[in-house]
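Here are my notes on this one, as numbered points. Have a look at the model first, then read on.

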Amino acid sequence: MTLTDSLPPAENAASAGALSRIEQRVLWLSTAMVHAANSETRKDPDGLKIGGHQASSASMVSIMTALWFEVLRPQDRVSVKPHASPVLHAIHYLLGELDETQMGTLRAYHGLQSYPSRSKDPDTVDYSTGSVGIGATAPIWGAVARRYTADLTGAERSRGRQYSLVGDAELDEGAVWEAVLDPGVPELGELVWVVDFNRQSLDRVAPNISATRLQAVFTAAGWQVITLKYGRLLEDLFARPGGDALRRRIDEMTNPEYQRLLRCTPQQVRERLPGTGDGASAIRDLLADLPDEQMLPVIGNLGGHDLAALQQAFASIDDERPTVIFAYTVKGYGLPNAGHPQNHSNLLTPPQMAVLGARLGMTLDHPWQRFPEGSPEAALCAETADRLRRDQVPSSVPPAVPADFGRRTTGHSSTQQELGRFLLALTREAPDVARRVVTVAPDVASSTNLGGWLNKVGAWSPTERQNWFADDAETILHWRERPSGQHIELGIAEVNLVGLLGELGATWSRWGEPLFPIGTLYDPFVNRALEPWSFGIYGGGQSILVGTPSGVTLAPEGGAHQSIITPSVGLEQPGCVAFEPAFAQDLEWCLLDAMSRLGREGGSSSYLRLSTRPVDQSLAAVPTDAVARERRRSLVVAGGYAMRRAERPAVTLAGMGALMPEVLQAADHLAELGVGADVVCVTSADRLYRAVRARHGHGDGDPVVLEAILPAGRTAPMVTVLDGHPHTLAFLATVNRVPSINLGVTEFGQTGRIQDVYHEHGIDAASIVRAALDLTGAV
Ligand SMILES: Cc1ncc(C[n+]2csc(CCOP(=O)(O)OP(=O)(O)O)c2C)c(N)n1
Ligand SMILES: [Mg+2]
């Protein structure tokens, strides 16, 4: 008789109130959903396992039942641990959000998703999860975004809680601590985390996971810590003679030893549990009074499976600071694989399902039964569904973004400098748009050129703070922090940056309030934030990420600061358009295009790769004629434009970003050698690649730009060049099927002057000329 065998049948459960019957039904439904997903009828013809996580789900059943059916309010939002997605769907089924036909579709094509998905699941999912650590922290950024939006619109700050239901091994992820330790977080009293403390990860029983150590970190970070260790049955036992010794013994034993006990027979527990310490005989005597059938339910009675204890924990949340509840649980609680070290993706067999059904009053023939009408359980489900009904998100239209400011840029400037100027221009040219811009930086606002903007709009802070340097004549950058500020400064934490960007980019769909979020970071650190950034886009966030400075053009700053693979990242990232403009005017148009796709149904994110290299703006030769200017603009946002047309082109030079001066110089040199060169300035390799695919009937790109920049009548061998990995532009040669040489950066860099570094990587003007001559055979 193991823990599970000895759990009482649902209909006789000691506390067989409606809530505990619902808890049992949620356990059944979530287990049966995974079982159905792996049934004969759903078998993959290729033999691929379908899978699912019955034990991880069972671990959370009590926590989620207590939360949904007793505690949640419509203004609250919840992020659910990825592997508990069946529990979320099971609850939604009981609340009437899903119908029977959907219950058998977990992990099916267009069915319920393996992990909660805000964009793909048919029922209410507040946060997409799946990448552990990222879904857990999303509600932190959701809380900031919600407060920011309320301050912007003057709406009353809603006090809805932001819950995160996290796995304990999830706390191994650095992203969790990067977020928890952000200095702004202790002010967010709406945060509530519940840690499913089953002391198991994917591979094993975590030997040294220590609640005390983790709790100390949360406490130090300013959180309220609530611990739910033992349930009522164990606490009652502890109150008897010998109980102190038993508590001490269980407290002190390792996680694996405790979990092994849960898989023992009552007789084995009597032998093993007393141990060999001082209290052994007292414990033995205490256990002697415990009947066999109660032994395992009592010893396995942890707080995270005790509905009353959970209710009490939720009731003691202090809304003035973030709260974390450590709820001790057993992974697989109520299932035959409870507490087994390898139960993570273990599936119950049909006979085991039949036994489970018999205990829970359900059968595999009718697995999706709801509670009978008129029963107290049906009434509680209906009452809960009513209580949690949310107002519809008001539909919203972001203010119209102009396509062109009609400005003229002269002199020398870099695209990074122009980013700052652009934001200031926006406050004059389109103030209603500028008012909804929010910038975010991980301690690099000044070094990514947001200083002027920051001085103008101020930094956001939930409460106004005194600026002690306001009267210091030598202070150029003013940190005026107040609720109306439009810049959010984070610590040096790129993962937090993209987490917050994702949530600021989702306010239109959550609260009907569109924002234009723009985040800046040094381009090499895009890779550090890459997966969470991508996950935020998948979750529905629309924002602009600016990587600046970038590439080896950052010459004197040194090798490790020089990004190489980010152009490919931009090209390949779904839900995002990547730009790398060379000139100030191009940057403005690209940014306006990027903003025009934010905060709306069907919108998308953008990534801009910028540079600190001052470039002669006259090289851009922006047409003065209005029609020609508009044609240039439309090509810039479509991905590129022709800068030079030779009389008889022998070669096409296609360049991107900060290297355009070298490309033009190479074209001049080639002309002197009698080799005609067409020059194409690529502004978005991403959009050009989409155009190429669209020509073959794939995707949603616009192929028209290709005819404009690489017309079939001017076909010539091609040299491509960028300050990044050369393969990014290699596809351009396929447009007219020409021979090509692709120049770019393939090795770690050096410090030095720009020309030294360009020479080192073979992307200087001389290298471009050499490649062109190699292709044309002219010398
Ligand atoms: C970033 C990331 N790394 C690894 C995984 C694979 N993975 C999925 S669940 C899991 C263990 C999770 O353990 P825990 O959070 O304790 O949840 P439990 O299943 O015990 O409830 C791992 C390593 C993942 N989903 N995301
Ligand atoms: Mg775990």
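1. Ala654 sits opposite Thr720 of β19. Strands here are DSSP runs (E, at least two residues) numbered from the N terminus, and two of them pair if DSSP finds at least two bridges between them.

2. Thr720 also has a bridge partner in β20, namely Asn742. Strand β20 (residues 740-743) runs parallel to β19, with 4 bridges joining them.

3. Now for ligand 1. It has 18 residues around it, and Ser56, Lys81, Asp168, Gln200 and Lys331 come nearest (near: a heavy atom within 4 Å). By class the shell has 3 nonpolar, 9 polar (Gly counts here) and 6 charged (Asp, Glu, Lys, Arg) residues.

4. Polar contacts are N or O pairs within 3.5 Å. A ligand 1 oxygen is 2.6 Å from a side-chain N or O of Lys81, and a ligand 1 nitrogen is 3.1 Å from a polar backbone atom of Val132.

5. Housekeeping: this is a predicted model, with local features needing pLDDT of at least 70 and side-chain atom pairs 80 or more, while totals for chains, interfaces and linings use all residues. Residues are numbered from 1 along each chain as written, chains are lettered from A and ligands numbered from 1 in written order, and side-chain values use heavy atoms, without hydrogens and water.

Methods
A polar contact is a pair of N or O atoms within 3.5 Å; within protein, one must be able to donate a hydrogen and the other to accept it, and residues adjacent in sequence count only if both atoms are side-chain atoms.
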